Amino acid sequence: MARVTVSVPAGPASASAESATARLPGLRRRRPVRMHRVLVLLLMLAIALVMIYPFYFMIDTSFRTQDQFQSGHGHSLSSWGKLTSALPVGQQLTNSMIVCVLSILIILAVSTMAGFAFAKLRFTGATPIFLAIIAALLIPMQSIIIPAYVNISKLNLLTSYAGAVLVYAALGTPFATFLMTAYFRGLPDELIEAAVVDGLGYGRVFARVALPLAVPAIVTVTVLQFIQIWDDLLVGLLFLQNPDERTITVGLGALSAGRVTDIPVLMAGSLVSAIPAVLVYLVFQRYLISGLTAGIGK
Amino acid sequence: MSASTATPITSRLALRRRRRPRSALARNRGRTGLVLALPAFALVALLLGIPILQAVYYSMTRWDGLVSTWVGPSTYVDQLKNPIFWRVLENNGLLLLSVPVAIVIPLGIAALLHERVFGWRFFRSIYFLPTAVSWVVIGMVSARFFAQQGTLNDLLASVGLGSVRTDFLSGEYTALLAVAITFVWSMVGTNTIIFLTGLATIDPSLHEAAKVDGAGALRIFWHITFPLLKRFVQFSFVMTVISAFTALFSLIFVMTGGGPGYGTTTLEFFVYQTAFAKGEFGTGALLGVVLFVIMAVIGAAQLKLLRSDD
């Protein structure tokens with residue numbers, strides 16, 4: 001904690017004040033330390049430029065016409081005007097939202113229930129069932145996509161959201177279940193037992209006691225899955241056969257594969273498609289990080 | 001169990017009477033547990049478990065998605081004789097060469113961020129940003145970056161290397177290199193975050209002690225930081241390998257379409273191409289099974305590594 005508060009004030013005055021109080025005998029070393037910090041800062045700025053460049057490129061290019069893009073001179077708004085005719089942006093953003101929300105609701109429902117069961121309700125067969133679900137983490141999407149595609153087409157679900165939603169939900173469930181189980185294991189058993197002794201059934205204990213406590217894990221799963229599903233191409237490409245139901249990422253992927261040469265329009269579309277996931281990322285970064293590192297274990 | 005059979009019958013009855021409410025509760029708990037776990041299991045079994053078994057079955061058939069004719073395990077032998085299959089695996093192998101780069105660069109960046117100089121949180125957010133952006137978008141920008149008139153060629157020209165101006169995506173190996181560079185770029189944020197989390201778990205007094213003893217920054221990193229980060233490096237290594245095998249479909253789809261030739265066709269892309277472009281569902285299923293086996297081996301190796309650490 002002390003390290004953090006030290007690094008927040010950044011003016012040269014406060015930095016020297018800090019080092020003066022922190023290490024009086026080492027006053028001589030103040031200059032090299034500051035030089036070092038400046039170097040680190042410059043390096044970090046350089047890396048930031050590399051990471052941010054694609055976003056700059058998208059924004060800059062989207063405000064040009066194709067001619068302006070090729071010549072490298074001038075800006076205009078015309079590509080943004082052409083965007084909606086190349087890509088039904090409103091419709092596709094809505095589709096992305098519908099698919100994400102439905103899939104995530106299913107994932108949350110099944111994974112919180114299962115996670116609670118595995119963590120707190122020792123039942124016969126719990127371990128093999130848990131292992132079976134976790135083992136599915138090893139199955140790459142591409143390995144099941146062909147049989148799943150044929151199965152779902154036989155159910156006539158390729159021309160509705162349902163097929164894609166089911167596949168996304170199934171793909172997201174193993175990791176979500178893993179995360180939820182780990183989270184519920186962290187809750188004290190006494191909490192559950194006390195509520196049971198108070199006369200609540202196990203089902204109600206789950207809904208009224210455990211679930212409200214699981215909000216951080218629920219947010220983590222939601223954020224991870226939102227970004228994953230929003231950004232996915234393959235499942236959408238195969239399981240959303242009706243163009244009116246395409247998500248924005250699929251729409252964009254199809255557009256780019258269709259030899260569209262109007263790059264500024266493509267960049268405007270890319271930008272629009274990226275914004276929602278980026279916003280979710282910026283707001284819930286902390287949860288995304290905790291979800292990402294959850295697999296490391298202790 | 002044996003203890004209870006040895007107790008006299010009366011006390012056993014008493015025991016049972018005393019236990020009855022609790023065992024009813026236990027039964028209730030067991031039943032609730034099963035009911036709550038079942039939907040997740042059913043979803044995974046129906047949409048992942050059964051399809052992977054189907055994939056194994058159909059991998060030994062000739063299948064167009066509607067009608068399948070049984071061929072047998074010889075389909076695998078046929079595939080092993082297919083030079084394109086090996087070309088595709090070679091691409092996967094070459095892509096794996098980028099994995100160490102995708103580990104080392106983030107290690108350095110995490111070490112920089114860990115110095116916590118002014119604005120490190122801001123920089124962390126910037127570096128991590130690509131995690132939120134789809135491969136489709138990344139691939140679209142990347143395709144322009146490596147194009148004949150793209151930024152990379154402009155950069156090369158500005159440092160006097162204008163004569164090498166080339167369309168990177170039109171050469172088999174340069175295209176694969178372009179895919180690999182894009183892959184590394186987008187893994188940087190994720191791995192940096194993992195290492196930063198790891199660094200935060202290290203007791204700073206260890207570093208102070210080493211510094212007092214006169215160890216230089218590099219020695220401290222190599223002898224103290226790195227061993228303590230091992231678990232995190234292992235984790236991100238496996239994650240990066242898995243991503244290299246299974247996460248690049250969209251990037252390749254948008255950036256190169258697998259070409260030129262089979263220059264950037266990896267196994268996962270080959271699955272898609274074989275099934276949905278050529279209509280050979282049986283062969284596609286077979287390639288998917290091969291991919292699954294590779295992933296399972298990597299997963300098992302990781303488990304073994306984790307176990308050996310304990």
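How many residues of chain B are in contact with chain A? The predicted model gives 74, facing 78 residues of chain A.

**View 1. The side of chain B that touches chain A.** In this view, 74 residues of chain B are in contact with 78 residues of chain A. Helix 2 of chain B, residues 9–58, gives the most to this side, with 22 residues. By class, the side of chain B holds 50 nonpolar residues, 18 polar ones and 6 charged ones.

**View 2. The two assigned domains of chain B.** Domain 1 covers 2–58. Domain 2 covers 97–265. Taken over C-alpha atoms, the centres of these domains of chain B are 47 Å apart.

**View 3. Helix 8 of chain A and its kink.** Helix 8 of chain A runs over residues 141–154, 14 residues in total. From first C-alpha to last, the helix reaches 19 Å. That is close to the 20 Å expected at 1.5 Å a residue. A kink of about 30° is centred on Pro147(A). Just after helix 8 of chain A comes Asn156(A), with a positive phi of about 60°.

View 4. The buried residues include Met141(A), Gln142(A), Ser143(A), Ile144(A), Ile145(A) and Ile146(A). Pro147(A), on which the kink is centred, is buried too. Ala148(A), Tyr149(A) and Ile152(A) are also among the buried residues.

Notes:
Residues numbered from 1 in each chain as written. Chains lettered and ligands numbered in written order. Predicted model: local features only at pLDDT ≥ 70, side-chain atom pairs only at ≥ 80, totals over all residues. Domains from an automatic or database assignment. Contact = placed C-beta atoms within 7 Å. Helix = DSSP H or I, 4+ residues; strand = E, 2+ residues; numbered from the N terminus. Nonpolar A, V, L, I, M, F, W, Y, C, P; charged D, E, K, R; others polar. Expected span 1.5 Å × (residues − 1). Bend = angle between axes of the 7 residues up to and from the residue. Buried ≥ 20, exposed ≤ 12 C-beta atoms within 10 Å, placed from the backbone.
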